[in-house]
Amino acid sequence: MTTTDLTTVATTVPASVPMWVPLLLLGLLALGWRQSRDRLVRPGVLIGVAVGMLLLSWSGLRASLGTEPATVAAWLAGMAVTLLAGGRLMGLQGLQKEGGRVRLPGSWWPMALFLTIFGVRFVLGWAKGVHSPLLDSAWFVALCAVLLGGCSGAFSARALAVRSA
């Protein structure tokens with residue numbers, strides 16, 4: 001790739017990104033930063049976040065990769081692994097209930113998960129937009145499906161840990 005090609009890519013990719021995409025990224029960054037602080041939460045709020053992230057993950061999978069059995073199996077495998085290990089992985093031991101709320105320690109994990117889902121969906125949107133052959137590559141499809149499923153499972157594990165506190 002020549003310098004001219006790189007310059008063209010560097011200027012056309014940002015120009016072709018819809019305006020709502022950077023706004024969504026800023027919103028996710030703000031939400032992720034908020035999750036890094038200790039706070040009292042209602043368990044239902046985290047269940048709503050988990051359901052929202054699951055729907056976002058599934059819609060990204062369905063829209064960009066389709067619902068072939070292998071793709072769905074990879075998504076479910078990613079979800080299962082993080083659902084089973086997520087509570088321990090995200091440091092949710094020792095949650096304390098205070099009335100109808102739970103004291104949730106701050107964590108950067110939600111930010112990482114938000115940005116992973118955003119990044120995978122952005123790359124999938126780009127690949128679809130430029131008709132990339134990556135979308136026909138089994139390893140790429142499996143990787144994206146496992147990442148999306150894994151993020152959904154981690155949010156679900158977090159919600160379940162808080163709910164059972």
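This is a predicted model: local features need pLDDT of at least 70, side-chain atom pairs count only at pLDDT 80 or more; totals for chains, interfaces and linings use all residues.
Ser107 is found in the loop that runs between strand E3 (101–104) and helix H5 (109–129), and a polar atom of its side chain lies 3.0 Å from the backbone nitrogen of Trp109.

## Helix H5 and its surroundings

Helix H5 has 21 residues, and the distance from its first C-alpha to its last is 30 Å, close to the 30 Å expected at 1.5 Å a residue. Just after H5, His131 takes a positive phi of about 55°.

The buried residues of H5 are Pro110, Met111, Leu113, Phe114, Ile117, Phe118, Val120, Leu124 and Ala127. Among the elements that cover these buried residues are helix H2 (20–35), helix H3 (43–64) and helix H6 (138–163).

## Packing of H2 against H5

The axes of H2 and H5 are 8 Å apart, and the two helices pack at an angle of about 160°. Angles over 145 degrees count as roughly antiparallel, and H2 and H5 are therefore roughly antiparallel to each other. The crossing in which H2 passes H5 is right-handed.

On the H2 side, the residues that meet H5 are Val21, Leu24, Leu25, Leu28, Leu29, Leu31, Gly32, Trp33 and Gln35, while H5 contributes Pro110, Met111, Phe114, Leu115, Phe118 and Phe122 to this contact.

Methods: Residues are numbered from 1 along each chain as its sequence is written. Side-chain values use heavy atoms; hydrogens and water are left out. Helices (H or I, at least four residues) and strands (E, at least two) are DSSP runs, numbered from the N terminus. A polar contact is a pair of N or O atoms within 3.5 Å; within protein, one must be able to donate a hydrogen and the other to accept it, and residues adjacent in sequence count only if both atoms are side-chain atoms. The expected span of a helix is 1.5 Å times one less than its number of residues. Buried means under 20% relative accessible area, exposed over 50%, partly exposed in between (1.4 Å probe, protein chains only). Contact means heavy atoms within 4.5 Å. Axes are lines fitted to C-alpha atoms, for helices over the stretch in contact, and angles run from 0 to 180 degrees between N-to-C directions. Angles under 35 degrees count as roughly parallel, over 145 as roughly antiparallel, 65 to 115 as roughly perpendicular and the rest as oblique. A crossing is left-handed if the near helix is turned anticlockwise from the far one by less than a right angle, and right-handed if clockwise.
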